[in-house]
Amino acid sequence: MGCVYSKQESDAHKKVYEKKVYVLKVVVLIIYFAVLVGIGFYCRKNATDVNGFVLGGRSVGPWLTAFAYGTSYFSAVVFVGYAGQFGWRYGIAATWAGLGNAVIGSLMAWAILGRRTRLMTQQLDSATMPEFFGRRFDSRALKLIASIIIFIFLIPYTASLYNGLSRLFAMAFNIDYSICIILMAILTGIYVIAGGYMATAINDFIQGIIMLFGIVIVIVAVIMSKGGFMAALEGLAQVSDPEVSNIPGVFNSFLGPDPLNLMFVVLLTSLGTWGLPQMVQKFYAIKDESSIKKGTIISTLFAVVVAGGSYFLGGFGRLFSDQIDIAANGYDSVVPTMLSNLSPALIAMVVILVLSASMSTLSSLVIASSSTLTIDFLKETVAKNMDEKKQLLTIRIWIVIFIAISAVIALIQYKSSVTFIAQLMGISWGALAGAFLAPFLYSLYWKGTTKVACYVSFFFGSGLMIWNMLFKNTLPAIIQSPINCGVIAMVAGLIIVPIVSLFTKKPEESLVEDAFSCYNRMAYVQVTTSLPDEE
């Protein structure tokens with residue numbers, strides 16, 4: 001009887017411990033959500049006009065801008081989806097994707113686009129990417145088409161942010177995914193509607209700190225669970241998959257089993273940010289020259305840790321192959337399975353980490369979507385006399401609508417076997433970057449860029465990705481993958497825009513000179529000596 005009593009006592013203690021851990025997780029979540037909402041209401045004073053709501057008054061410092069850029073870049077799609085998928089496919093070589101995100105997607109993006117974007121968008125008084133194109137080329141039609149493309153492809157991308165949370169929430173809280181979607185949507189909506197871009201930027205900073213520390217702790221914990229770094233690498237070297245490669249140790253090699261397709265992944269996830277409206281818009285709001293220089297360094301280091309760390313972690317996914325069934329559960333199951341044996345406290349931290357990544361990106365996307373639809377579409381078509389106050393109210397209403405639509409799409413995908421939505425989510429990044437990257441880049445640097453070249457790039461980039469979704473079997477084998485197709489769309493745009501520009505009507509010289517005058521401001525300084533030099 002003594003042994004039986006001892007076991008019962010042990011079970012009772014275990015239940016008490018689990019209850020305390022569960023309560024702790026809930027309390028941490030409540031505090032986290034309270035802080036986010038509190039910051040939203042605190043920032044209401046910065047969101048009283050369109051410029052303040054959408055761009056924070058163009059006075060956001062380097063730390064907030066860099067973290068806003070990084071947290072908008074890296075969502076749960078990266079941490080759970082991409083890290084699991086590409087880590088499984090390429091092993092430790094998947095880390096190249098994270099390093100590419102840091103060098104190309106952050107360092108080079110800031111260095112090449114940051115200053116010129118900030119100056120020219122202020123010169124043209126544009127708050128969105130479509131508005132930039134419309135004023136840069138004096139074309140209402142260009143502005144409308146750009147806004148329609150953004151509207152079509154940002155909504156499914158927004159819905160995809162909820163992916164990856166279901167298994168983590170079930171693992172940590174045993175909460176239905178539907179509740180997670182609704183909770184995340186409501187809380188994000190509250191602080192974005194209340195405080196606009198400034199609230200988003202401050203919350204992004206807090207969420208970024210969580211992401212930085214969280215990813216480091218999780219990597220250490222997972223690798224230590226496999227005996228340490230060298231033991232984990234050695235274990236990875238023993239993994240073989242004849243369907244992927246017959247080369248021994250290929251999953252812990254420098255370039256992995258498929259360097260060509262890995263290169264396409266690096267390019268899409270890195271170069272693609274140069275053409276995404278919600279990413280480029282971060283440069284519109286930055287305060288001054290010194291903030292751009294500091295922001296470049298901060299953003300790059302953030303990407304090295306978060307993106308590099310996520311893909312590095314995913315590279316060890318095959319060490320857990322005895323617990324993972326890719327055919328049944330998909331690549332989204334890789335990272336949650338890797339984390340399932342961590343302590344309850346670490347699992348709770350991972351949930352906060354993934355929530356932070358998702359909510360920060362969601363807030364960025366809904367501001368970009370709602371401001372574009374209001375300023376670039378409605379104000380240009382059905383509500384031409386909309387004043388500042390009505391624009392601000394309309395933007396807030398559309399934020400509610402966009403968040404609701406994205407939540408409904410995520411719920412539909414979760415509750416049914418609809419695959420079309422998932423396909424559309426997969427091509428949205430490639431379509432946006434393929435359409436906008438080249439026209440935007442050339443418009444900042446080259447006076448000879450023409451309106452027709454922008455049209456061609458818009459239709460080619462988005463059209464190619466739609467073709468890939470609907471009729472991919474008719475395309476060459478190498479670009480049947482949405483990732484590879486997205487890269488081709490971007491690279492093709494970089495070739496198409498200058499060629500078409502050479503053979504089409506140039507914009508008015510006065511229009512171009514006015515746009516580029518922001519780069520050539522005259523500075524007058526006091527001369528310290530006025531006597532002539534000795535001859």
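Buried here means under 20% relative accessible area, exposed means over 50%, and partly exposed is in between (1.4 Å probe, protein chains only). You're looking at a predicted model, where local features need pLDDT of at least 70, side-chain atom pairs count only at pLDDT 80 or more, and totals for chains, interfaces and linings use all residues. Residues are numbered from 1 along each chain as its sequence is written, and side-chain values use heavy atoms, with hydrogens and water left out.

Start by selecting Arg135, partly exposed at 35% relative accessibility.

Next, pick Glu380 and Arg140: another salt bridge, 3.2 Å between the closest N and O atoms. Glu380 is in the loop between helix 16 (344-378) and helix 17 (388-415) while Arg140 is in helix 7 (residues 140-160), so this pair ties together parts 240 residues apart in sequence. Arg140 is partly exposed, at 41% relative accessible area.

Hop over to Lys447 and Glu513, whose side chains meet in a salt bridge (3.2 Å, N to O). Lys447 lies in the loop between helix 18 (420-445) and helix 19 (451-471), and Glu513 in helix 21 (residues 509-516), 66 residues apart.

Last stop: just after helix 9, select Gly227, which has a positive phi of about 95°.

Technical notes. Helices (H or I, at least four residues) and strands (E, at least two) are DSSP runs, numbered from the N terminus. A salt bridge is a side-chain nitrogen of Lys or Arg within 4 Å of a carboxyl oxygen of Asp or Glu.
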